[in-house]
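Please read it alongside the sequence and the model.

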Amino acid sequence: MLFLVAALMLLGVVLGTVAHAPLTVTAVIAAGIAVWLGAFAIRERLGRRRRTSAN
């Protein structure tokens, strides 16, 4: 939960920065976040499958 609060605070700072950053920088950062979220989703899905099959 603390991680979520920190992420939301960081998001607020980043959104203020994005308004002044060039479009290419914003696109690269957005792509990096998308990859990170995709990897997290895959890791979570695989973790749930392992726990379910063990029971």
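A helix here is a DSSP run (H or I) of at least four residues, and helices are numbered from the N terminus. Ile33 is found in helix H2. The model is a predicted one.

**Overall form**
- The protein chain has two helices and zero strands.
- Its radius of gyration is 16 Å, well over the 10 Å that the globule rule gives for 55 residues, so the chain is more spread out than a compact globule.
- Along the principal axes, the C-alpha atoms fill a box of roughly 50 × 25 × 5 Å.

**Exposure**
- Of the 55 residues in the protein chain, 0% are buried.
- The chain exposes about 5100 Å², and carbon and sulfur atoms supply 75% of that area.

**Nonpolar patch**
- Phe3, Val25, Ile29, Ile33, Trp36 and Leu37 make a nonpolar surface patch of about 620 Å².
- Helix H2, residues 23-54, gives the most to this patch, with five residues.
- Ile33 has a relative accessible area of 41%, so it counts as partly exposed.
- Phe3 has a relative accessible area of 60% and is therefore exposed.

**Aromatic pair**
- The count comes to one aromatic pair.
- Phe3 and Trp36 form this pair in an edge-to-face arrangement, with 6.5 Å centre to centre and 65° between the planes.
- Because Phe3 lies in helix H1 (residues 2-18) and Trp36 in helix H2, the pair ties together parts that are 33 residues apart in sequence.

Methods: Residues numbered from 1 in each chain as written. Predicted model: local features only at pLDDT ≥ 70, side-chain atom pairs only at ≥ 80, totals over all residues. Heavy atoms only, no water. Patch = residues over 30% accessible without salt bridge, like charges linked within 9 Å, V, L, I, M, F, W, Y side chains within 5 Å. Areas by Shrake-Rupley, 256 points an atom, 1.4 Å probe, with all protein chains shown as cover. Salt bridge = Lys/Arg side-chain N within 4 Å of Asp/Glu carboxyl O. Buried < 20%, exposed > 50% of the residue type's maximum accessible area, 1.4 Å probe, protein only. Rg over C-alpha atoms; globule rule 2.2 N^0.38 Å. Phe/Tyr/Trp six-rings, centres within 6.5 Å; stacked < 30°, edge-to-face > 60°.
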